[in-house]
Amino acid sequence: MKPKALFNWSSGKDSALALYKTLQEDQYEVTTLLTSINKEFQRISMHGVHVSLLEKQAESIGIPLVKMELPKEPSMEEYQEIMDKTISEIKASGITHSIFGDIFLEDLRKYREEQLNAIGMSAVFPLWKQNTSSLIHEFLNLGFKTIVTCVNGNYLDKGFAGRIIDEQFLNELPDHVDPCGENGEFHTFTFDGPLFKHPIHFEIGETVKKTYPKPKTDKQDKGGEYIFWFSDLILQ
């Protein structure tokens, strides 16, 4: 009997490729998709995608979705409390593994493993340490289609938001930007490909600028702000 697993679903390209590979390898029974949601705005954390599109994704994939609702700006304590409660409830259904689409962020992997090990679960990383240029080309060659929903303005300009990722997009990325956006340069919404029974249909709405204060490191640090551009997607 295969161990039961939950998949940490962001709605983007890395999640889609990691889930596809997991299902192809058939080592785990993926029974649940888990996604963090901003409770106030009903949008996926960081990606900015409305929950209505997320629900259509899960429906098309055919795996039950669990939405973990978070307050607008949760503290680490609040986040941890909500996460612990959610994972404990999921674990009670017999799930022993938690699968992630992370590629090379060592600190994040260590954090995830420590949190899961503490409750007797294991973390799985199907894309770990693979070349990100190779991964994005594999993703496109498999027939996946994805659109940029969030751009970190400290890496890329507004014009990259709302674009479909294709060869032209990749060729226009600055050298310092990872082709999978693994350093948080951009986030995506995957709307078609071999995971889906049918594509997710949407219209592209307005692009909105949002700023967040940078934490100050000392008294002399004037701080500053993080700039993000969000391209709104509207379910058809």
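This is a predicted model: local features need pLDDT of at least 70, side-chain atom pairs count only at pLDDT 80 or more; totals for chains, interfaces and linings use all residues.
Colleague: Why is T22 called buried?

Modeller: T22 has a relative accessibility of 4%. Buried means under 20%, so T22 counts as buried. T22 is found in helix α1, which covers residues 13–25.

Colleague: Which residues is T22 in contact with, leaving aside its neighbours within four places in sequence?

Modeller: T22 is in contact with F7, Q27, Y28, V30, I99 and P126. The word contact is used because heavy atoms lie within 4.5 Å.

Colleague: V30 is among those residues. How do you know whether V30 is buried or exposed?

Modeller: The relative accessibility of V30 is 12%. The cut-off for buried is under 20%, and therefore V30 counts as buried. V30 lies in strand β2, residues 29–38. Not counting residues up to four places away in sequence, V30 touches A5, F7, L19, T22, L23, I63 and I99. V30 and S98 are 68 residues apart in sequence, and their C-alpha atoms are 9.3 Å apart in space.

Colleague: What makes K214 partly exposed?

Modeller: Its relative accessible area is 31%. Buried means under 20% and exposed means over 50%, so K214, with 31%, is called partly exposed. K214 is found in the loop between β9 (202–213) and β10 (225–235).

Colleague: What is noted about the phi of S11?

Modeller: S11 has a positive phi of about 90°, although S11 is not a glycine. Most residues other than glycine have a negative phi. S11 is found in the loop between β1 (4–8) and α1. With 0% relative accessibility set against the cut-off of under 20%, S11 counts as buried.

Colleague: Which value does the phi of K129 take?

Modeller: The phi of K129 is near 65°, a positive value in a residue other than glycine. K129 is found in the loop between β6 (122–124) and α5 (132–141).

Colleague: What makes α1 roughly perpendicular to α5?

Modeller: α1 and α5 pack at an angle of about 75°, with their axes 11 Å apart. The range for roughly perpendicular is 65 to 115 degrees, and therefore α1 is roughly perpendicular to α5. K13, A16, L17 and K21 of α1 make the contact with L135, I136, E138 and F139 of α5. By class, the contact of α1 with α5 has 5 nonpolar, no polar and 3 charged residues.

Colleague: How many residues does the largest nonpolar core have?

Modeller: The largest nonpolar core has 50 residues, and those with the most contacts inside this core are W9, L19, F186 and F189. A second, separate core of 13 residues includes L6, M68, L70 and L116. In soluble globular proteins, nonpolar side chains tend to be buried together.

Methods
Residues are numbered from 1 along each chain as its sequence is written. Side-chain values use heavy atoms; hydrogens and water are left out. Helices (H or I, at least four residues) and strands (E, at least two) are DSSP runs, numbered from the N terminus. Buried means under 20% relative accessible area, exposed over 50%, partly exposed in between (1.4 Å probe, protein chains only). A nonpolar core is a set of buried Ala, Val, Leu, Ile, Met, Phe, Trp, Tyr and Cys residues joined through side-chain atoms within 4.5 Å. Axes are lines fitted to C-alpha atoms, for helices over the stretch in contact, and angles run from 0 to 180 degrees between N-to-C directions. Angles under 35 degrees count as roughly parallel, over 145 as roughly antiparallel, 65 to 115 as roughly perpendicular and the rest as oblique. Ala, Val, Leu, Ile, Met, Phe, Trp, Tyr, Cys and Pro count as nonpolar, Asp, Glu, Lys and Arg as charged, and the others, Gly among them, as polar.
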